[in-house]
Amino acid sequence: MGVREAVTRRSGAEGSRALRSRWRTATMAAGWAFPADWPLAEVDEVCRAVLDGGDACAELHRLGAARAESGAGLAETLLDLAALHAVLGAPPGSTGIVSPSVDAIPARMLRSTALGWADVMSRRAASCAADDPLTGLATSAYLNTRLREVYAEARAAGRQDHVLVLVALDLTRTSGWSRVVAMTLLADALKEVFDAGETVASVGTSVACVLLRRDRHLTRAVANLRVLTADRLAVDPHVAPTGPVRVRLEELPPTCEEALALVAGLGR
């Protein structure tokens, strides 16, 4: 490395440290609750991107995600971003106190950071919630939990007594709210037919799944589901183009990992 390159690199590192220090000071002064949680690798990435003069949106998106992962709320995350923006807007060489304002953050900075934060929280909500808020069916995350329990039970008993009933609608000729209505009607039919403690879950935008113990009533239940779903869909003209419901029995694969992969594939 030449002398000029070494000096340039050192100057860049010093500038990044100075920006990081002023940013942290401004955030703490604005009321950041837990100082030990503020330093993140993504903070340094944002500092370098800003000083390089490029578009820091990607780095801000990662910072928003990292803040969510560390437990920071959206208001706290945006206040931290406002502190950065205030520091960047201060006169060159200034070391005075700045006044962060979330309302002053440019839309691109705000959007990138907020989306990064929201992406993480959306994934958490999807993985933690037990029920889909629109259909009332169990989530795929809950189905995964039940599958693990079923396989543990099968190992203890030495046999597998459970089976999956897969139910799919063809929604290619529908759009918007009609898709939601169709899945809600399907959910109603599923909950009416399988109302004895079976796990009835939504595993995709057009696919539902029932995990149940195989018994002599299974064939009749599947037939009833086909008829009842067709009747429910026929009532609403906006969802009639969904076509006939497709129902099939799916034997559980030998291992729980394979079953989890099967469910994950259905949701794509």
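# Packing in a predicted model

Reader: Which residues does L147 touch, not counting residues up to four places away in sequence?

Author: This is a predicted model, where local features need pLDDT of at least 70 and side-chain atom pairs count only at pLDDT 80 or more, while totals for chains, interfaces and linings use all residues. Residues are numbered from 1 along each chain as its sequence is written, and side-chain values use heavy atoms, with hydrogens and water left out. Taking contact as heavy atoms within 4.5 Å, and skipping residues up to four places away in sequence, L147 touches L211, L252, C256, A259, L260 and V263.

Reader: Is L147 buried or exposed?

Author: L147 sits in helix α6; helices (H or I, at least four residues) and strands (E, at least two) are DSSP runs numbered from the N terminus. The scale runs from buried (under 20% relative accessible area) through partly exposed to exposed (over 50%), with a 1.4 Å probe and protein chains only. With a relative accessible area of 0%, L147 is buried.

Reader: What separates the C-alpha atoms of L147 and L260?

Author: L260 is one of the residues that L147 touches. The two are 113 residues apart along the chain, and their C-alpha atoms are separated by 7.6 Å.

Reader: Why do the buried residues of α9 line one face of the helix?

Author: Helix α9 covers residues 256-266, and its buried residues are C256, A259, L260, V263 and L266. They line one face because, seen down the helix axis, they fall within a limited arc, taken from the directions from the axis to the C-beta atoms. An α-helix has 3.6 residues a turn, so residues three or four places apart point the same way. The arc within which the buried residues of α9 fall is 120°.

Reader: What covers the buried residues of α9?

Author: One of these residues is C256, which counts as buried at 12% relative accessibility. The cover for the buried residues of α9 includes α6 (140-157), β1 (162-168) and β3 (207-213).

Reader: Which residues of β1 point one way and which the other way?

Author: Seven of the seven residues of β1 are buried, so the strand is mostly covered. In a regular strand the side chains alternate between the two faces of the sheet. In β1, H162, L164, L166 and A168 point one way, and the other way point V163, V165 and V167.

Reader: How many bridges join β1 to β4?

Author: Strands count as paired if DSSP finds at least two bridges between them. β1 pairs with β3 in the antiparallel sense over seven bridges, and A168 has V207 as its bridge partner there. With β4 (residues 246-251), L164 has E250 as its bridge partner. β1 and β4 run antiparallel, and the bridges joining them number six.

Reader: Which residue in β3 is the bridge partner of V200?

Author: V200 lies in β2 (residues 199-202), where T199 and A201 on one side and V200 and S202 on the other are all buried. A hairpin of four residues joins β2 to β3, and the two strands pair in the antiparallel sense over four bridges. The partner of V200 in β3 is V210.

Reader: Which residues does S112 touch, not counting residues up to four places away in sequence?

Author: S112 lies in helix α5 (residues 107-128). At 10% relative accessibility, S112 counts as buried. Leaving out residues up to four places away in sequence, S112 touches C57, L60 and H61.

Reader: What share of the residues in the protein chain is buried?

Author: The protein chain has nine helices and four strands. Among its contacts with a separation of 6 or more, 70% are between residues 24 or more positions apart. Of the 268 residues in the protein chain, the buried share is 39%.
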